[in-house]
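Please read this briefing alongside the sequence and the coordinates. It takes up the ligand site and then the nonpolar cores.

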Amino acid sequence: MAIQLVTTAAQLRTESARLLTQKGGTSQGLVPTMGALHEGHAQLARTAVEQNDVVVASIFVNPLQFGQAVDLERYPRTLEADLAVLDAEGVDLVFAPGVDEVYPDGEPMVRITAGPMAGKWEGASRPGHFDGALTVVAKLLHYGMPGTAIGGATGAALPAYRAYFGQKDAQQLALVRRMVADLNFPVEIVPVPIVRSPDGLALSSRNRFLSAGEREAALVLSRALRLIEDRANAHEPLDLESAKALVESQPLVELDYFEVVDPRTLEPLAENCKDTPFRGEGLALIAAKVGPVRLIDNVPLDS
Ligand code: AMP
């Protein structure tokens with residue numbers, strides 16, 4: 001394996017600086033993950049490798065963003081397999097710190113407050129989740145910064161710095177973008193489209209907890225989103241209600257929310273979804289419980 005594993009911030013900084021100098025590179029990419037990697041994560045890594053000279057992926061299951069201890073304990077941990085996935089994509093460095101490295105003094109006293117956009121959709125059923133997620137993303141964005149300037153003593157410049165997030169977690173992506181804009185983080189956030197299995201199911205580390213029957217039932221989520229997407233592309237009314245009825249007709253699926261929202265503010269676009277043809281930009285968001293698993297999915301609309 002060419003890939004290197006580091007577990008401390010100090011090692012990460014030294015090794016990324018060394019690699020950037022060795023390669024004569026001018027850009028560094030960061031791919032934050034919680035491990036249990038699948039093709040969706042691989043796509044993030046692939047995009048980062050295409051666009052940057054040095055690529056760091058992080059693997060950290062962040063206790064701050066889990067409401068219940070059982071969820072945290074149950075989260076799959078598959079480091080060896082994860083390293084192989086990232087190595088195959090050409091990632092240079094994996095940063096897999098322990099909880100003590102990231103939170104040496106226990107829970108941080110100062111945190112990111114994700115604000116009003118965090119209280120709805122996923123945030124409504126997971127209080128504090130996005131404060132915890134943004135706090136660790138802020139830390140990871142700092143850890144992953146290029147550790148060296150480029151261009152020698154005269155005219156030294158900072159390397160380009162990009163971080164990669166999946167559109168699968170659309171609310172997280174919208175919040176990370178707001179945090180970076182509102183707090184002037186020196187990083188470009190690069191969104192990566194959702195990777196699906198051939199039958200349409202959005203890949204997720206949680207899909208492994210679905211039985212065969214539940215997995216089949218879960219396909220109604222992406223089918224309903226496709227319906228909305230097709231109507232938007234055809235400039236038809238979205239008729240969200242009929243798409244909701246399709247999801248609710250599936251007995252193994254317990255729908256939480258299904259809405260069309262503004263992609264930047266996540267506020268519902270109610271008027272556009274009833275009986276007028278859809279125009280403009282939107283984001284159809286869906287969340288449902290299928291058996292023991294909570295699934296989310298979405299599709300961007302542009303018409
Ligand atoms: P996680 O390990 O679940 O925290 O996810 C790490 C990153 O991978 C996040 O930016 C996710 O949005 C992204 N991701 C997860 N699943 C997918 C997928 N199916 N397609 C694209 N990106 C994904």
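In this predicted model, a backbone N or O atom of G166 lies 2.9 Å from an oxygen atom of the ligand, and a backbone N or O atom of M34 is likewise placed 2.9 Å from an oxygen atom of the ligand. V195 contributes a polar backbone atom that is 2.9 Å from a nitrogen atom of the ligand. The protein covers 92% of the 480 Å² of accessible area that the ligand has on its own.

**Around the ligand**

- There are 16 residues around the ligand, and of these M34, G166, D169, V195 and L203 come nearest.

**The largest nonpolar core**

- The largest nonpolar core holds 46 residues, among which L141, M179, V187 and I189 touch the most other members.
- Elements that give two or more residues to this core include the helices α1 (9-23), α7 (129-143) and α8 (170-182), together with strands such as β5 (160-166) and β8 (281-290).
- The element that gives the most to this core is α7, with 8 residues.
- Because domain 1 (4-192) and domain 2 (205-298) both give residues to this core, it lies between them.

- When residues up to four places away in sequence are not counted, M179 touches I112, L134, V137, A138, L141, N184 and F185.
- As general background, nonpolar side chains tend to be buried together in soluble globular proteins.

Methods. Residues are numbered from 1 along each chain as its sequence is written. This is a predicted model: local features need pLDDT of at least 70, side-chain atom pairs count only at pLDDT 80 or more; totals for chains, interfaces and linings use all residues. Side-chain values use heavy atoms; hydrogens and water are left out. A nonpolar core is a set of buried Ala, Val, Leu, Ile, Met, Phe, Trp, Tyr and Cys residues joined through side-chain atoms within 4.5 Å. Buried means under 20% relative accessible area, exposed over 50%, partly exposed in between (1.4 Å probe, protein chains only). Helices (H or I, at least four residues) and strands (E, at least two) are DSSP runs, numbered from the N terminus. Domain bounds come from an automatic or database domain assignment. Contact means heavy atoms within 4.5 Å. A residue is near a molecule or strand if one of its heavy atoms lies within 4 Å of it. A polar contact is a pair of N or O atoms within 3.5 Å; within protein, one must be able to donate a hydrogen and the other to accept it, and residues adjacent in sequence count only if both atoms are side-chain atoms. Accessible areas come from the Shrake-Rupley method with a 1.4 Å probe; for residues, only the protein chains shown count as cover.
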